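Dear colleague,

Please find below the structure for your records.

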Amino acid sequence: MNIKFSAKLSLFPLTSEVNNQGHLCIGGCDTVDLAEELGTPLYIFDEFTIRHECHQFITEFSKYYQDTMVIYASKAFLNRALAAVIAQEGLGLDVVSGGELAIAHSVDFPLSKVYFHGNNKTLEELELALDWNVGRVVVDNLYELELLNKLAYDKGINQDILLRITPGVDPHTHKYTTTGTLDSKFGFPLATGQAEEAVEQATAASNINLVGFHFHLGSPIFELEPYRLATELVLRFVSQMKRKDSFEFNELSVGGGFAVQYSLDSKAPDVAEYAQAIGEKLNDLIPQFELDYPRLIIEPGRAIVAQAGVALYKVGAIKEIPAIRKYICIDGGMNDNIRPALYGTKHEALVANKALQEESEIVTIAGKLCESGDILVRDTNLPSVSPGDIIAVPVCGAYSIPMWSNYNALPRPAIIMVNEGKANLIRRRETYQDLIGLDTI
Ligand SMILES: *Cc1c(COP(=O)(O)O)cnc(C)c1O
(Lines give C-alpha, C1' and ligand atoms only; values in the text may rest on other atoms or scores of the structure.)
Protein backbone atom coordinates (compact mmCIF):
# COMPACT_ATOMS: atom_id res chain seq x y z
CA MET A 1 0.00 0.00 0.00
CA ASN A 2 1.52 3.36 -0.91
CA ILE A 3 1.59 6.27 1.50
CA LYS A 4 -0.54 8.65 -0.60
CA PHE A 5 -3.30 6.10 -0.58
CA SER A 6 -3.48 5.66 3.17
CA ALA A 7 -3.47 9.44 3.63
CA LYS A 8 -6.42 9.65 1.23
CA LEU A 9 -8.24 6.94 3.15
CA SER A 10 -8.13 9.18 6.24
CA LEU A 11 -10.48 11.62 4.47
CA PHE A 12 -13.12 8.89 4.15
CA PRO A 13 -15.58 7.90 6.93
CA LEU A 14 -14.02 6.47 10.10
CA THR A 15 -15.05 2.90 9.29
CA SER A 16 -13.38 2.91 5.86
CA GLU A 17 -11.02 0.07 4.97
CA VAL A 18 -9.89 -1.87 1.93
CA ASN A 19 -10.83 -5.54 1.62
CA ASN A 20 -8.66 -8.27 0.12
CA GLN A 21 -10.18 -7.70 -3.32
CA GLY A 22 -8.79 -4.18 -3.15
CA HIS A 23 -12.27 -2.67 -2.80
CA LEU A 24 -13.11 0.33 -0.64
CA CYS A 25 -15.44 -0.71 2.20
CA ILE A 26 -17.47 1.67 4.39
CA GLY A 27 -19.48 0.64 7.44
CA GLY A 28 -18.62 -2.97 6.67
CA CYS A 29 -20.13 -2.74 3.16
CA ASP A 30 -18.20 -3.18 -0.09
CA THR A 31 -18.80 0.05 -2.03
CA VAL A 32 -18.19 -1.65 -5.38
CA ASP A 33 -21.01 -4.13 -4.62
CA LEU A 34 -23.26 -1.24 -3.53
CA ALA A 35 -22.60 0.62 -6.79
CA GLU A 36 -23.38 -2.55 -8.73
CA GLU A 37 -26.63 -3.22 -6.83
CA LEU A 38 -28.01 0.29 -6.50
CA GLY A 39 -26.47 2.05 -9.48
CA THR A 40 -24.49 5.28 -9.63
CA PRO A 41 -24.22 8.11 -8.76
CA LEU A 42 -24.78 6.90 -5.23
CA TYR A 43 -24.36 8.78 -1.96
CA ILE A 44 -23.27 6.72 1.04
CA PHE A 45 -23.51 7.89 4.65
CA ASP A 46 -21.66 6.12 7.43
CA GLU A 47 -23.88 6.13 10.50
CA PHE A 48 -20.97 5.52 12.87
CA THR A 49 -19.14 8.64 11.67
CA ILE A 50 -22.22 10.85 12.06
CA ARG A 51 -22.82 9.60 15.61
CA HIS A 52 -19.15 9.98 16.43
CA GLU A 53 -19.12 13.62 15.32
CA CYS A 54 -22.26 14.42 17.34
CA HIS A 55 -20.61 12.88 20.38
CA GLN A 56 -17.35 14.77 19.78
CA PHE A 57 -19.08 18.15 19.75
CA ILE A 58 -21.02 17.38 22.92
CA THR A 59 -18.05 16.04 24.90
CA GLU A 60 -15.36 18.45 23.71
CA PHE A 61 -17.42 21.61 24.20
CA SER A 62 -18.74 20.58 27.60
CA LYS A 63 -15.14 19.96 28.72
CA TYR A 64 -14.45 23.68 28.35
CA TYR A 65 -17.94 25.06 28.95
CA GLN A 66 -20.25 22.75 30.78
CA ASP A 67 -23.64 24.18 29.86
CA THR A 68 -23.36 23.65 26.12
CA MET A 69 -26.16 22.60 23.80
CA VAL A 70 -25.26 21.31 20.34
CA ILE A 71 -27.77 21.90 17.59
CA TYR A 72 -27.24 20.44 14.14
CA ALA A 73 -27.49 22.97 11.31
CA SER A 74 -29.72 20.97 9.05
CA LYS A 75 -29.14 22.96 5.87
CA ALA A 76 -25.89 20.93 5.47
CA PHE A 77 -28.15 17.92 4.77
CA LEU A 78 -31.45 16.81 6.23
CA ASN A 79 -33.75 13.95 5.52
CA ARG A 80 -35.94 11.79 7.70
CA ALA A 81 -33.36 9.12 8.49
CA LEU A 82 -30.71 11.66 9.41
CA ALA A 83 -33.13 13.71 11.53
CA ALA A 84 -33.89 10.55 13.50
CA VAL A 85 -30.18 9.86 14.13
CA ILE A 86 -29.63 13.47 15.23
CA ALA A 87 -32.59 13.24 17.63
CA GLN A 88 -31.26 9.96 19.09
CA GLU A 89 -27.89 11.58 19.72
CA GLY A 90 -29.66 14.26 21.78
CA LEU A 91 -28.83 17.24 19.58
CA GLY A 92 -31.18 20.10 18.80
CA LEU A 93 -31.81 21.31 15.27
CA ASP A 94 -31.21 24.55 13.42
CA VAL A 95 -33.70 24.97 10.58
CA VAL A 96 -33.93 27.77 8.04
CA SER A 97 -37.24 27.05 6.33
CA GLY A 98 -40.70 25.59 6.73
CA GLY A 99 -39.48 22.65 4.64
CA GLU A 100 -36.69 21.73 7.06
CA LEU A 101 -39.15 22.21 9.91
CA ALA A 102 -41.63 19.87 8.19
CA ILE A 103 -38.98 17.14 7.80
CA ALA A 104 -38.11 17.42 11.50
CA HIS A 105 -41.80 17.38 12.45
CA SER A 106 -42.41 14.29 10.31
CA VAL A 107 -40.08 12.18 12.48
CA ASP A 108 -41.32 13.66 15.77
CA PHE A 109 -38.10 15.56 16.35
CA PRO A 110 -38.49 17.34 19.71
CA LEU A 111 -39.50 20.77 18.40
CA SER A 112 -38.67 22.51 21.67
CA LYS A 113 -35.04 21.90 20.64
CA VAL A 114 -35.52 23.54 17.23
CA TYR A 115 -34.04 26.96 16.46
CA PHE A 116 -35.57 28.70 13.47
CA HIS A 117 -33.11 30.87 11.52
CA GLY A 118 -33.32 32.84 8.29
CA ASN A 119 -33.19 36.39 6.94
CA ASN A 120 -36.64 36.31 5.37
CA LYS A 121 -38.93 33.89 7.13
CA THR A 122 -42.34 34.13 5.52
CA LEU A 123 -45.55 34.73 7.40
CA GLU A 124 -46.60 31.14 6.68
CA GLU A 125 -43.29 29.82 8.03
CA LEU A 126 -43.55 31.88 11.22
CA GLU A 127 -47.12 30.71 11.74
CA LEU A 128 -46.04 27.11 11.34
CA ALA A 129 -43.21 27.65 13.84
CA LEU A 130 -45.66 29.08 16.38
CA ASP A 131 -48.28 26.37 15.76
CA TRP A 132 -45.67 23.66 16.26
CA ASN A 133 -44.12 25.34 19.32
CA VAL A 134 -40.54 25.58 18.08
CA GLY A 135 -38.17 26.35 20.92
CA ARG A 136 -36.59 29.53 19.59
CA VAL A 137 -37.04 31.86 16.68
CA VAL A 138 -33.75 33.57 15.87
CA VAL A 139 -34.97 36.97 14.78
CA ASP A 140 -32.99 38.53 11.96
CA ASN A 141 -34.60 41.96 11.34
CA LEU A 142 -37.23 44.38 12.61
CA TYR A 143 -39.80 43.42 10.00
CA GLU A 144 -39.68 39.86 11.33
CA LEU A 145 -39.75 41.03 14.95
CA GLU A 146 -42.99 42.96 14.40
CA LEU A 147 -44.57 40.20 12.34
CA LEU A 148 -43.69 37.54 14.89
CA ASN A 149 -44.97 39.62 17.77
CA LYS A 150 -48.27 40.19 16.01
CA LEU A 151 -48.70 36.51 15.12
CA ALA A 152 -47.82 35.47 18.67
CA TYR A 153 -50.29 38.00 20.04
CA ASP A 154 -53.06 36.68 17.76
CA LYS A 155 -52.38 33.15 18.95
CA GLY A 156 -52.01 34.15 22.59
CA ILE A 157 -48.44 32.83 22.74
CA ASN A 158 -45.26 34.23 24.27
CA GLN A 159 -42.42 33.22 21.92
CA ASP A 160 -38.80 32.84 23.09
CA ILE A 161 -36.36 34.45 20.70
CA LEU A 162 -32.68 35.12 20.16
CA LEU A 163 -31.56 38.19 18.24
CA ARG A 164 -29.08 37.59 15.43
CA ILE A 165 -26.24 40.05 15.84
CA THR A 166 -23.85 40.94 13.01
CA PRO A 167 -20.62 41.56 14.89
CA GLY A 168 -18.59 42.86 11.94
CA VAL A 169 -15.92 40.13 12.07
CA ASP A 170 -14.38 38.69 8.90
CA PRO A 171 -13.80 34.92 9.16
CA HIS A 172 -11.64 34.87 6.00
CA THR A 173 -13.63 32.35 4.01
CA HIS A 174 -15.40 32.37 0.62
CA LYS A 175 -17.35 35.58 0.06
CA TYR A 176 -20.50 33.61 -0.76
CA THR A 177 -20.43 32.06 2.72
CA THR A 178 -19.27 35.05 4.77
CA THR A 179 -22.17 36.21 6.94
CA GLY A 180 -20.92 38.17 9.96
CA THR A 181 -19.42 41.24 8.30
CA LEU A 182 -21.18 44.63 8.28
CA ASP A 183 -22.27 44.46 4.62
CA SER A 184 -24.33 41.26 5.04
CA LYS A 185 -27.99 40.49 4.46
CA PHE A 186 -28.07 38.72 7.83
CA GLY A 187 -28.71 40.10 11.29
CA PHE A 188 -28.60 43.34 13.25
CA PRO A 189 -25.26 45.13 12.90
CA LEU A 190 -23.50 46.22 16.06
CA ALA A 191 -21.73 49.05 14.27
CA THR A 192 -24.81 50.98 13.12
CA GLY A 193 -26.84 50.95 16.34
CA GLN A 194 -29.42 48.61 14.78
CA ALA A 195 -28.58 45.84 17.25
CA GLU A 196 -29.33 48.21 20.11
CA GLU A 197 -32.62 49.23 18.53
CA ALA A 198 -33.55 45.55 18.16
CA VAL A 199 -33.00 44.92 21.88
CA GLU A 200 -35.21 47.89 22.73
CA GLN A 201 -38.00 46.72 20.45
CA ALA A 202 -37.74 43.08 21.53
CA THR A 203 -37.89 43.91 25.24
CA ALA A 204 -40.85 46.24 24.62
CA ALA A 205 -42.79 43.71 22.49
CA SER A 206 -45.83 42.24 24.22
CA ASN A 207 -45.57 38.60 23.05
CA ILE A 208 -41.86 38.12 22.63
CA ASN A 209 -39.44 36.92 25.25
CA LEU A 210 -35.81 37.83 24.51
CA VAL A 211 -33.66 35.02 25.97
CA GLY A 212 -30.32 35.61 24.28
CA PHE A 213 -28.18 36.41 21.29
CA HIS A 214 -26.82 34.65 18.26
CA PHE A 215 -24.08 35.24 15.74
CA HIS A 216 -22.81 33.16 12.82
CA LEU A 217 -19.72 34.35 11.02
CA GLY A 218 -19.60 32.16 7.93
CA SER A 219 -18.42 28.76 6.79
CA PRO A 220 -15.99 27.05 6.74
CA ILE A 221 -13.85 28.98 9.25
CA PHE A 222 -10.30 27.62 9.49
CA GLU A 223 -9.21 30.15 12.15
CA LEU A 224 -10.03 30.37 15.85
CA GLU A 225 -9.52 34.09 16.32
CA PRO A 226 -12.75 35.22 14.58
CA TYR A 227 -14.78 33.23 17.15
CA ARG A 228 -12.87 34.80 20.05
CA LEU A 229 -13.22 38.29 18.66
CA ALA A 230 -16.94 38.02 17.87
CA THR A 231 -17.64 36.47 21.29
CA GLU A 232 -15.96 39.43 22.95
CA LEU A 233 -17.82 42.01 20.85
CA VAL A 234 -21.20 40.41 21.47
CA LEU A 235 -20.65 39.90 25.22
CA ARG A 236 -19.58 43.51 25.59
CA PHE A 237 -22.72 44.56 23.76
CA VAL A 238 -24.89 42.37 26.00
CA SER A 239 -23.36 43.83 29.15
CA GLN A 240 -24.04 47.36 27.84
CA MET A 241 -27.64 46.49 26.97
CA LYS A 242 -28.26 44.87 30.35
CA ARG A 243 -27.52 48.19 32.01
CA LYS A 244 -30.48 49.84 30.31
CA ASP A 245 -32.96 47.20 29.18
CA SER A 246 -34.54 44.44 31.19
CA PHE A 247 -34.08 40.89 29.87
CA GLU A 248 -32.61 37.58 31.00
CA PHE A 249 -29.39 36.64 29.23
CA ASN A 250 -29.88 32.86 29.16
CA GLU A 251 -28.32 31.86 25.86
CA LEU A 252 -25.43 32.76 23.61
CA SER A 253 -25.17 31.07 20.23
CA VAL A 254 -21.83 31.35 18.47
CA GLY A 255 -23.19 29.71 15.31
CA GLY A 256 -21.42 27.07 13.26
CA GLY A 257 -18.77 27.22 10.57
CA PHE A 258 -16.42 24.58 11.99
CA ALA A 259 -14.17 23.52 9.13
CA VAL A 260 -13.38 20.02 7.87
CA GLN A 261 -10.51 18.66 5.84
CA TYR A 262 -11.58 18.26 2.21
CA SER A 263 -8.24 17.59 0.57
CA LEU A 264 -4.82 16.39 1.64
CA ASP A 265 -3.40 19.92 1.70
CA SER A 266 -6.18 21.68 3.70
CA LYS A 267 -5.97 20.73 7.37
CA ALA A 268 -8.73 22.03 9.65
CA PRO A 269 -8.62 22.61 13.43
CA ASP A 270 -10.17 19.74 15.35
CA VAL A 271 -13.31 20.06 17.46
CA ALA A 272 -11.29 20.32 20.69
CA GLU A 273 -9.43 23.38 19.41
CA TYR A 274 -12.65 25.25 18.60
CA ALA A 275 -14.10 24.15 21.95
CA GLN A 276 -11.08 25.39 23.87
CA ALA A 277 -10.91 28.73 22.06
CA ILE A 278 -14.60 29.50 22.57
CA GLY A 279 -14.96 27.98 26.06
CA GLU A 280 -11.92 29.74 27.48
CA LYS A 281 -12.96 33.07 26.01
CA LEU A 282 -16.39 32.79 27.61
CA ASN A 283 -15.02 31.77 31.00
CA ASP A 284 -12.64 34.71 30.84
CA LEU A 285 -15.08 37.38 29.80
CA ILE A 286 -18.37 36.53 31.49
CA PRO A 287 -17.14 37.46 34.99
CA GLN A 288 -15.30 40.49 33.57
CA PHE A 289 -18.51 41.79 32.04
CA GLU A 290 -20.42 40.88 35.22
CA LEU A 291 -22.86 38.64 33.38
CA ASP A 292 -24.48 35.41 34.53
CA TYR A 293 -23.21 32.33 32.72
CA PRO A 294 -25.55 31.74 29.76
CA ARG A 295 -26.09 28.41 28.03
CA LEU A 296 -23.69 28.14 25.09
CA ILE A 297 -25.33 27.07 21.83
CA ILE A 298 -23.18 25.79 18.96
CA GLU A 299 -24.55 25.00 15.52
CA PRO A 300 -22.24 22.67 13.58
CA GLY A 301 -23.63 21.53 10.23
CA ARG A 302 -20.78 20.69 7.89
CA ALA A 303 -18.61 19.17 10.60
CA ILE A 304 -21.30 16.66 11.61
CA VAL A 305 -21.97 15.15 8.18
CA ALA A 306 -19.19 16.09 5.72
CA GLN A 307 -16.78 13.24 6.37
CA ALA A 308 -19.58 10.71 6.80
CA GLY A 309 -20.70 11.16 3.18
CA VAL A 310 -19.07 9.64 0.11
CA ALA A 311 -20.21 9.95 -3.51
CA LEU A 312 -19.75 7.01 -5.91
CA TYR A 313 -19.69 7.45 -9.69
CA LYS A 314 -19.07 5.14 -12.64
CA VAL A 315 -16.45 6.00 -15.23
CA GLY A 316 -17.61 6.21 -18.85
CA ALA A 317 -15.75 8.07 -21.58
CA ILE A 318 -12.07 8.90 -21.16
CA LYS A 319 -10.70 11.74 -23.28
CA GLU A 320 -6.98 12.29 -23.56
CA ILE A 321 -5.59 15.44 -25.15
CA PRO A 322 -1.94 14.56 -25.72
CA ALA A 323 0.45 16.61 -23.57
CA ILE A 324 -2.47 18.62 -22.18
CA ARG A 325 -4.95 16.71 -20.04
CA LYS A 326 -6.75 13.43 -19.52
CA TYR A 327 -10.44 13.76 -18.70
CA ILE A 328 -12.13 10.90 -16.84
CA CYS A 329 -15.88 11.36 -17.37
CA ILE A 330 -18.32 10.20 -14.69
CA ASP A 331 -22.10 9.74 -14.62
CA GLY A 332 -22.82 12.65 -12.22
CA GLY A 333 -21.30 16.07 -11.65
CA MET A 334 -22.47 19.57 -10.76
CA ASN A 335 -26.10 18.45 -10.55
CA ASP A 336 -25.28 16.33 -7.49
CA ASN A 337 -22.25 18.27 -6.19
CA ILE A 338 -22.14 21.90 -7.24
CA ARG A 339 -19.55 22.86 -4.62
CA PRO A 340 -16.44 22.65 -6.83
CA ALA A 341 -18.15 24.82 -9.48
CA LEU A 342 -19.73 27.26 -7.00
CA TYR A 343 -17.04 27.63 -4.35
CA GLY A 344 -13.95 26.16 -5.98
CA THR A 345 -13.89 23.29 -3.47
CA LYS A 346 -10.96 20.94 -3.97
CA HIS A 347 -11.86 17.26 -3.57
CA GLU A 348 -9.75 14.12 -3.65
CA ALA A 349 -10.80 10.86 -5.31
CA LEU A 350 -10.08 7.16 -5.12
CA VAL A 351 -10.86 4.33 -7.53
CA ALA A 352 -13.03 2.20 -5.27
CA ASN A 353 -12.39 -1.06 -7.17
CA LYS A 354 -8.62 -0.42 -7.46
CA ALA A 355 -7.97 0.90 -3.96
CA LEU A 356 -4.68 -0.95 -3.59
CA GLN A 357 -3.25 -0.08 -7.00
CA GLU A 358 -0.36 2.31 -7.33
CA GLU A 359 -1.34 5.81 -8.40
CA SER A 360 0.28 6.25 -11.77
CA GLU A 361 -1.20 9.27 -13.52
CA ILE A 362 -2.61 12.75 -13.04
CA VAL A 363 -6.15 13.07 -14.39
CA THR A 364 -9.12 15.41 -14.22
CA ILE A 365 -12.52 14.04 -13.25
CA ALA A 366 -15.27 15.69 -15.29
CA GLY A 367 -19.02 15.52 -14.79
CA LYS A 368 -21.52 14.73 -17.54
CA LEU A 369 -23.36 18.07 -17.54
CA CYS A 370 -23.23 20.45 -20.45
CA GLU A 371 -20.95 23.06 -18.88
CA SER A 372 -17.18 23.33 -19.15
CA GLY A 373 -17.16 24.34 -15.48
CA ASP A 374 -18.53 20.93 -14.54
CA ILE A 375 -15.23 19.58 -13.23
CA LEU A 376 -15.46 17.58 -10.03
CA VAL A 377 -11.76 17.06 -9.30
CA ARG A 378 -8.97 18.79 -11.18
CA ASP A 379 -5.48 17.25 -11.52
CA THR A 380 -5.64 14.34 -9.14
CA ASN A 381 -3.46 11.24 -8.83
CA LEU A 382 -5.16 7.96 -9.71
CA PRO A 383 -4.16 4.48 -10.83
CA SER A 384 -4.79 3.71 -14.49
CA VAL A 385 -8.57 4.15 -14.93
CA SER A 386 -10.86 2.30 -17.39
CA PRO A 387 -14.54 2.62 -18.28
CA GLY A 388 -16.68 0.88 -15.67
CA ASP A 389 -14.38 1.71 -12.75
CA ILE A 390 -16.02 3.22 -9.65
CA ILE A 391 -14.76 6.62 -8.47
CA ALA A 392 -15.28 7.41 -4.78
CA VAL A 393 -15.15 11.06 -3.71
CA PRO A 394 -14.79 11.62 0.06
CA VAL A 395 -16.14 14.49 2.22
CA CYS A 396 -19.34 14.89 0.20
CA GLY A 397 -21.79 14.66 3.10
CA ALA A 398 -22.38 18.40 3.59
CA TYR A 399 -23.94 20.94 1.23
CA SER A 400 -23.93 18.61 -1.79
CA ILE A 401 -27.27 16.84 -1.47
CA PRO A 402 -29.32 19.88 -0.37
CA MET A 403 -28.09 21.72 -3.48
CA TRP A 404 -28.90 18.85 -5.84
CA SER A 405 -30.67 19.90 -9.00
CA ASN A 406 -32.28 18.23 -11.97
CA TYR A 407 -30.06 20.18 -14.38
CA ASN A 408 -29.95 18.48 -17.78
CA ALA A 409 -32.98 16.54 -16.49
CA LEU A 410 -30.80 14.12 -14.57
CA PRO A 411 -32.72 12.21 -11.91
CA ARG A 412 -31.31 12.79 -8.42
CA PRO A 413 -29.22 9.92 -6.99
CA ALA A 414 -30.14 7.45 -4.27
CA ILE A 415 -28.78 7.74 -0.72
CA ILE A 416 -27.89 4.86 1.55
CA MET A 417 -26.86 4.75 5.20
CA VAL A 418 -24.39 2.00 6.07
CA ASN A 419 -23.68 0.55 9.48
CA GLU A 420 -22.04 -2.68 10.68
CA GLY A 421 -22.34 -4.45 7.35
CA LYS A 422 -25.92 -3.35 6.65
CA ALA A 423 -26.88 -0.91 3.90
CA ASN A 424 -30.16 0.91 4.34
CA LEU A 425 -31.69 2.79 1.41
CA ILE A 426 -32.78 6.12 2.95
CA ARG A 427 -33.79 7.87 -0.27
CA ARG A 428 -34.61 6.16 -3.55
CA ARG A 429 -33.19 7.24 -6.87
CA GLU A 430 -35.47 9.51 -8.89
CA THR A 431 -36.97 8.13 -12.09
CA TYR A 432 -37.85 9.77 -15.40
CA GLN A 433 -41.46 9.55 -14.22
CA ASP A 434 -40.52 11.71 -11.20
CA LEU A 435 -39.14 14.30 -13.61
CA ILE A 436 -42.24 14.31 -15.78
CA GLY A 437 -44.86 13.86 -13.08
CA LEU A 438 -44.94 17.42 -11.71
CA ASP A 439 -45.72 18.97 -15.08
CA THR A 440 -49.45 19.55 -15.34
CA ILE A 441 -49.84 19.44 -19.12
C1 LIG B 1 -25.10 27.55 7.86
C2 LIG B 1 -25.28 27.90 9.28
C3 LIG B 1 -24.71 27.12 10.28
C4 LIG B 1 -23.85 25.92 10.00
O5 LIG B 1 -22.65 26.19 9.37
P6 LIG B 1 -21.63 24.99 9.16
O7 LIG B 1 -20.48 25.57 8.49
O8 LIG B 1 -22.31 23.98 8.34
O9 LIG B 1 -21.28 24.48 10.52
C10 LIG B 1 -24.95 27.46 11.60
N11 LIG B 1 -25.73 28.52 11.92
C12 LIG B 1 -26.30 29.29 10.99
C13 LIG B 1 -27.15 30.42 11.39
C14 LIG B 1 -26.10 29.02 9.64
O15 LIG B 1 -26.66 29.78 8.71
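The notes below describe the domains, the ligand surroundings and some local features.

This is a predicted model, in which local features need pLDDT of at least 70 and side-chain atom pairs count only at pLDDT 80 or more, while totals for chains, interfaces and linings use all residues. Residues are numbered from 1 along each chain as its sequence is written, and side-chain values use heavy atoms, with hydrogens and water left out.

Domains and their interface

The protein is divided into domain 1 (3–39 + 308–436) and domain 2 (48–305); these bounds come from an automatic or database domain assignment. The centres of the two domains, taken over C-alpha atoms, are 33 Å apart. In the interface, 26 residues of domain 1 are in contact with 22 residues of domain 2, contact meaning heavy atoms within 4.5 Å. About 2,200 Å² is buried between domain 1 and domain 2, and carbon and sulfur atoms give 67% of this area. Buried area is the accessible area (1.4 Å probe) that two parts lose on being put together, summed over both.

One salt bridge is counted between domain 1 and domain 2. The side chains of aspartate 265 and lysine 346 meet in a salt bridge at 3.0 Å, N to O; the term requires a side-chain nitrogen of Lys or Arg within 4 Å of a carboxyl oxygen of Asp or Glu. Seven residue pairs, both residues at pLDDT 80 or more, are in polar contact between the domains. A polar contact is a pair of N or O atoms within 3.5 Å; within protein, one must be able to donate a hydrogen and the other to accept it, and residues adjacent in sequence count only if both atoms are side-chain atoms.

On the side of domain 1 that touches domain 2, at least two residues each are supplied by α1 (3–9), α12 (339–343), β20 (414–419) and β21 (422–427). Helices (H or I, at least four residues) and strands (E, at least two) are DSSP runs, numbered from the N terminus.

Ligand surroundings

Of the 16 residues around the ligand, Lys75, Ser219, Glu299, Arg302 and Tyr399 come nearest; a residue is included if one of its heavy atoms lies within 4 Å. An N or O atom in the side chain of serine 219 is 2.3 Å from an oxygen atom of the ligand. For arginine 302, a backbone N or O atom lies 2.7 Å from a ligand oxygen atom. In the side chain of aspartate 94, an N or O atom is 3.2 Å from a nitrogen atom of the ligand.

Serine 219 is also joined to proline 220 by a cis peptide bond, with omega near -10°. Proline 220 is placed in the loop between β11 (208–214) and α9 (225–244).

Other local features

A cis peptide bond also joins threonine 40 and proline 41, with omega about -10°. Proline 41 is found in the loop between α2 (31–38) and β4 (42–46).

Asparagine 133, although not a glycine, has a positive phi of about 55°, and asparagine 133 lies in the loop between α6 (123–131) and β8 (136–139).

Serine 97 lies in the loop between β6 (92–95) and α5 (98–106). The side chain of serine 97 reaches the backbone nitrogen of glycine 99 at 3.3 Å, and a polar atom of that side chain lies 3.1 Å from the backbone nitrogen of glutamate 100.

Yours sincerely
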